[in-house]
Structures are given as C-alpha cells and as structure tokens.
Amino acid sequence: MGNALTQKILITLGFLFAYRVLAYIPTPGVDLNVIKEFFDNNSNNALGLMNMFSGNAVERLSIISLGIMPYITASIVMELLAATFPALGQMKKERDGMQKYMQIIRYFTIFITVVQAIGVSMGLQSMTGRAGQSAVMIDPMMFTVITTFSMLAGTMLLMWIGEQITQKGIGNGISLIIFAGIVSGLPSAIGNTIRAVNAGEMNFLVILGILAIMLITILAIIYVELGERRVPISYSRKTIMQNQTKRVMNYIPVKVNLSGVIPPIFASAVLMFPLTMLQSSTTPFLMAIADSLAPGGVTFNVVTFLLVMFFAFFYASIAFNAKDIADNLKRQGGFIPGVRPGEHTKEFLNEVASRLTGSGAVYLAIISTVPFMIISGMGASFYFGGVAVLIIVQVALDTMRKIEAQRTMNQYDTLGNVGL
C-alpha cells in the first residue's frame, strides 16, 4: 500500500512539472524583449504581485499569465451567491447538485478569463520599448483574438491540472499550483538580491533585516496554524461500551485560523481582477486609481487588510458547521460537559468559533500586510510579502498532514490484510 502514496506523490509532481512547462510557452505575436524590459521596471508593484502568483509566467507573457486567479474569483462569487441564496447552497450539498455547481464555476471562469485576456491584449498594444518598438508584432485585431484564446486555453489547463491533483494526487490542487508558482520565483529573487548587494545597491545589514522579518513571520505562522482550542467531549457509559474496539475522540479541535489560506488568496484574486484591467488603461483617471492600488501603498494595504478580515469571517462560517457537529455528537451519544446536547451545543460551538475567528482574522490581516510593508520600505527589489509566506507555510503544513494521514491509512490497511 506504500506504493499508493508514492504514486499519488509522483502524480502530483508530474502535474506540477506540466504547470511549470506551461509557464514557458509564450503567447504568439509579442516581442518578449519589450515585455522583459517593461517588467524589469515594474517588479515591485501590482504587476509584480500578479507575476509572483503566476510563477513568473506574466513576465514571459505565457499562455498561463492569468494563472489560476480567474477560477478563484469565480469560486468566490459562487460562494457568496451560495451563502445568499439557500437553493444554491442546497445544490452544493447534493452529489448531482455539486457537479452542476462546479460546472457553473467553470463557465464563469471562462467569462472572467476572456474579459481579462482582452484587457491584457489591449494594454500590450499600447506598450513600447525604449527604442519605440511595439510589444505587438502582428495585426492588433488578430493579436487580441490569439491572445484571448491562448490565455483561455492556459487557464482552463491550469484549472484541469488543479482538479486532477486534488482527485488523484496529494493535497489541494489549486493551492499547490499557487505554492509552486511562488516557490519557483525564489531562485530569481535570491539571485537579484545577491546582485544588488554586489553592486552596492543594497546594504548587507538590510538583507539580514529582511531575512529576520521573514523568519519571524514564518515562525508566527507555524505557531498560529498549529494552534487549536480543544473542546472536551464526554460519552455515556453505553456508548463507551459499544465502542471499546474503536478510537473515540474525546475532544473537538477548533483551529485558531479556521479559514486557512483561503482569505489572503481570495483577497489577492479580488484585487488582481481590477488591477489587470486598470494596468491596460491609458486614461489618466484610471491610471491614477491603478497607482493608488499599487502594492506597498496605503490604499492597497488598507483594502487588503479589510478584504482578508471579511473573507476570514465569511469562509470560517462556511468551513465550521456547528449544527452538523452538534447533531453528529448527539447521534453518537456524546456531549460537552456542562452544555446540553442539541441547540445549546451548537450555540456554544458557534461562540467558541466566533472568538477564535476574530483572533484568526486579525492575525491573517496583519500577516498579509505588515511584513511586506516593512520589507518594501527596506528597498527589496522583488514582491515577496506575508501572503506569499503564509501560502507557502500553510500549503506545506496541509500537504504534510495529508501525506501523514495517507500513511496512517495505509498502515491500517496493511494490518487488516495481515489479519486476514
């Protein structure tokens, strides 16, 4: 059975390798030298943020330049609609309904991708290099059509790869794609930093300060992510006698950060959609809005802080269903000491979850904004903020848990086979 785990890991690595190959396939009809020149001057703003999440695919104008963010944006909208309309929420709980629900998300992803791809193609047509050469080398109308279909195909492939990893591999496919994209940019970021130090553009003490902030951020994330409130459970004597041969959990673990890595990813996706459109505009008013929303600015950080707080509360309310836990506990003959089963248990668990979600939301919002503000203020030449660190640590911890769970399940299966 150990081979099953190895196979899942190899499948995951294979799909992630395919994702990295796609990042090097450029959109036809562009002058990559002009694109590179442009990104060299915009590595620490909104484009740097988009480039980080896409695994440096944006600076190569790859067919996956839009990354997986259109899919995440579509998922956000559907989650909000499901929370607003009970019929849509009920659809998610049914097996056939869930398939329809996912199909709606896919169609909405296509719409968002097409809109963003058209915006990107129009922006590229107005882009020129230092020598005045255009970034687009073919007919503008033809370029818009080719770019739209190329990027649509790239995003659909990424969506499919994410779903395949989730179903056949280890971990959450979408999170792992974002994780791989961020990690793939680390070598170039380290190389640029070393060159900046050698050229005298950055002080070595500043580098040590940036590393110290990153280390503190990582330790803080690990500490909070592993933290949980364990609500004790007691069982009636009859239940204990009936489950002597089974392992009965004597507590309900309620994580400090119930919503996980989803809020920062959602917040980034929500900000990237208008930023993609605004970056392609030549209107002074819209360009001013784009500048005000540039990462590192006050407006960007305030909006990010508020969005992360909102999504933390919103997603926690979906992820933690106190009613289902209370009903299952009552059905199994368990109860929380001092709390009556049923409705009172649900209210108690909701209260515990609300307090933890409040702390978790503030923690996520601070991690998503403060480290990058400090590092950006130190003059870092790359975009690598708290959101990136949070995603890397969260996805790594989640994948490790799932690998450990798979190993444990394999051990139980092996023992069962030996007993037979």
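## Nonpolar cores

The largest nonpolar core of this predicted model comprises 93 residues, a nonpolar core being a set of buried Ala, Val, Leu, Ile, Met, Phe, Trp, Tyr and Cys residues joined through side-chain atoms within 4.5 Å. Ile64, Ile68, Ile72, Leu124, Ile178, Val254 and Ile391 have the most contacts inside this core. A second, separate core of five residues includes Ala196, Met202, Ile207 and Met214. In soluble globular proteins, nonpolar side chains tend to be buried together.

Leaving aside residues up to four places away in sequence, Leu124 touches Val30, Ile35, Leu61, Ala135, Val136 and Phe143; contact means heavy atoms within 4.5 Å.

Asn257 lies in the loop between β3 (251-255) and α12 (262-279). Helices (H or I, at least four residues) and strands (E, at least two) are DSSP runs, numbered from the N terminus. Asn257 counts as buried because its relative accessibility is 2%; buried means under 20% relative accessible area, exposed over 50%, and partly exposed in between (1.4 Å probe, protein chains only).

With residues up to four places away in sequence not counted, Asn257 touches Glu225, Tyr363, Leu364 and Gln394.

## Position of Val302

Val302 belongs to helix α14 (residues 298-319) and, at 43% relative accessibility, counts as partly exposed. Val302 and Ala365 are 63 residues apart in sequence, and their C-alpha atoms are 9.5 Å apart in space.

## Basis of the values

Residues are numbered from 1 along each chain as its sequence is written, and side-chain values use heavy atoms, with hydrogens and water left out. In this predicted model, local features need pLDDT of at least 70 and side-chain atom pairs count only at pLDDT 80 or more, while totals for chains, interfaces and linings use all residues.
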